[in-house]
Amino acid sequence: MRSFEAICETPDESFELGERIGRELGRGAVFLLYGGLGAGKTLLTKGILNALDYDVDDVTSPSFTLVNLYKTHELDVYHIDLWRLDSAENAALAVGLDEILENERTVVVIEWAERLTDATIPANAFKIFIDGDGDQPRRIRLET
C-alpha cells in the first residue's frame, strides 16, 4: 500500500475508502488513526472490516472496552481505542499491544494513536490522518 490523500464528501465515501484499504491490507498491517471526535475513525474501520467480509453491524467503537477483536476467515482484526487512557507511556501496555502483534494473523487498527509513544509504534505502521468533523468533507491522508 502506498501513501495517498483523498477528500471524502460524505460518510459513504469514507466507508468506501475504508473498503479500499481493507482490500489491499495484508497480515501484520497496523493502522494508526488520528483525528478529532466525530472525524470518522470508526466508520473507516467499518469499511476495512466490510472488505474482509465481516458484518459491520457488529463493529462498534471500543471506547469503553479499549479493544475489540473481530475474527474474519483469514485475519484477526484488533480494533483498539486509546481515548480513555491517561498516560501515553502506558497505552501500549494497557491494551497488550506487544502480545497482539505477536499473532501472525493480526491486523491492528488503533484510534487515538497520538496516545502512543514513538517507541511503541511498530515500524510497519500506516498512519491515517482524518481532518474534518460534523457535516464537513473529510480530508483523509494515509502515510507509510
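Author: The model is a predicted one.

Reader: What makes the radius of gyration of the protein chain agree with that of a compact globule?

Author: A compact globule of 144 residues would have a radius of gyration near 15 Å, and the protein chain has 14 Å; therefore the two agree. Along its principal axes, the C-alpha trace spans about 35 × 35 × 30 Å. Buried residues make up 49% of the 144 residues.

Reader: Why is Ser-63 called buried?

Author: The term buried requires a relative accessible area under 20%. Ser-63 has 17%, so Ser-63 is buried. Ser-63 lies in the loop between H2 and E3.

Reader: How do you know that the side chains of Ser-63 and Asp-81 make a polar contact?

Author: A polar contact needs a pair of N or O atoms within 3.5 Å, one able to donate a hydrogen and the other to accept it. The side chains of Ser-63 and Asp-81 make such a contact at 3.0 Å. Another polar contact, of 2.9 Å, joins the side chains of Ser-63 and Ser-61. When neighbours within four places in sequence are left aside, Ser-63 is in contact with Asp-81 and Arg-84.

Reader: Why is Glu-9 called partly exposed?

Author: Glu-9 has a relative accessible area of 48%, so Glu-9 is partly exposed. This residue lies in the loop between strand E1 (4–8) and helix H1 (11–24). Glu-9 and Arg-138 are 129 residues apart in sequence, yet 6.4 Å apart in space, C-alpha to C-alpha.

Reader: What makes E1 and E3 edge strands?

Author: The open sheet has 7 strands in the order E1-E7-E6-E2-E5-E4-E3, with mixed pairing. E1 and strand E3 (67–71) each pair on one side only, and these are the edge strands. From one strand to the next, the twist averages 15 degrees.

Reader: How do you know that strands E2 and E5 pair?

Author: Two strands pair if there are at least two bridges between them. Strand E2 (residues 30–34) and strand E5 (residues 106–111) have 4 bridges, so they pair, and they do so in the parallel sense. Glu-111 in E5 is the bridge partner of Leu-33.

How values were computed
Residues numbered from 1 in each chain as written. Predicted model: local features only at pLDDT ≥ 70, side-chain atom pairs only at ≥ 80, totals over all residues. Heavy atoms only, no water. Helix = DSSP H or I, 4+ residues; strand = E, 2+ residues; numbered from the N terminus. Buried < 20%, exposed > 50% of the residue type's maximum accessible area, 1.4 Å probe, protein only. Axes fitted to C-alpha atoms, helices over the stretch in contact; angles between N-to-C directions. Contact = heavy atoms within 4.5 Å. Rg over C-alpha atoms; globule rule 2.2 N^0.38 Å.
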